[in-house]
Amino acid sequence: MGRNYMTSTSLLKLGQILIAKSNVKKAKMGAIVFKGGKIISTGHNYNVFNDPNRYSVHAEEDSLKNISMKGLSLFVFSNKRNSYPC
């Protein structure tokens with residue numbers, strides 16, 4: 001992705017876009033990974049099976065697949081007030 005560091009308003013807007021991609025009914029989550037002030041990856045949570053109450057991939061897991069974690073910053077967003085990253 002390689003975009004320059006974003007303003008807090010732009011960061012929140014991107015977080016909302018990622019949350020909207022989630023197909024999980026209980027808590028929609030999005031994650032943005034930065035390295036060196038640039039976005040290098042994004043992710044969102046999603047159900048793996050057709051049953052929305054079964055196993056889902058977490059937004060943090062989705063955003064970190066296939067990248068080195070050294071020197072990263074991770075921002076996680078949720079559509080619920082009391083929902084926290086793992």
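**Note on the predicted model**

1. A search of the whole structure turns up one aromatic pair. The rings belong to F34 and F75; their centres are 5.1 Å apart and their planes stand at 75°, so the pair is edge-to-face. The cut-off behind that label is an angle over 60 degrees. The structure is a predicted model, and the values here should be read as computed from it.

2. The pair joins distant parts of the chain. F34 sits in strand β1 (residues 29–35), F75 sits in strand β5 (residues 72–78), and the two are 41 residues apart.

3. Are the two partners buried or exposed? F34 has a relative accessible area of 3%, so this residue is buried. F75 is at 28% relative accessibility and therefore counts as partly exposed. Buried here means under 20% relative accessible area, and exposed means over 50%.

4. F34 also belongs to the largest nonpolar core, which has eight residues in all: L11, L14, L18, I19, I32, F34, I39 and F77. The element that gives the most is α1, with four residues.

5. Next, a residue in another strand. V57 lies in strand β4 (residues 56–57). V57 is at 10% relative accessibility, so this residue counts as buried. Which residues does V57 touch, leaving aside its neighbours within four places in sequence? They are H44, N45, Y46, V48 and D62. For N45, the distance to V57 is 5.3 Å from C-alpha to C-alpha, with the two residues twelve apart in sequence.

6. V48, one of the contacts of V57, is also part of a nonpolar surface patch. V48, F49 and Y55 make up this patch, which covers about 280 Å². Y55 is placed in the loop between β3 (46–47) and β4. At 45% relative accessibility, Y55 counts as partly exposed.

7. For the chain as a whole, there are two helices and five strands. Their order from the N terminus is α-β-β-β-β-α-β. The chain has 86 residues, and 34% of them are buried.

8. Two further totals complete the note. Among contacts with a separation of 6 or more, 53% are between residues 24 or more positions apart. The chain exposes about 5,700 Å², of which carbon and sulfur atoms supply 52%.

Terms used: Residues are numbered from 1 along each chain as its sequence is written. This is a predicted model: local features need pLDDT of at least 70, side-chain atom pairs count only at pLDDT 80 or more; totals for chains, interfaces and linings use all residues. Side-chain values use heavy atoms; hydrogens and water are left out. Rings of Phe, Tyr and Trp (its six-membered ring) pair if their centres lie within 6.5 Å; planes under 30 degrees apart count as stacked, over 60 as edge-to-face and the rest as tilted. Buried means under 20% relative accessible area, exposed over 50%, partly exposed in between (1.4 Å probe, protein chains only). Contact means heavy atoms within 4.5 Å. A nonpolar core is a set of buried Ala, Val, Leu, Ile, Met, Phe, Trp, Tyr and Cys residues joined through side-chain atoms within 4.5 Å. Patches are made of residues with over 30% relative accessible area and no salt bridge: like charges are joined within 9 Å, nonpolar side chains (Val, Leu, Ile, Met, Phe, Trp, Tyr) within 5 Å. Accessible areas come from the Shrake-Rupley method with a 1.4 Å probe; for residues, only the protein chains shown count as cover. A salt bridge is a side-chain nitrogen of Lys or Arg within 4 Å of a carboxyl oxygen of Asp or Glu.
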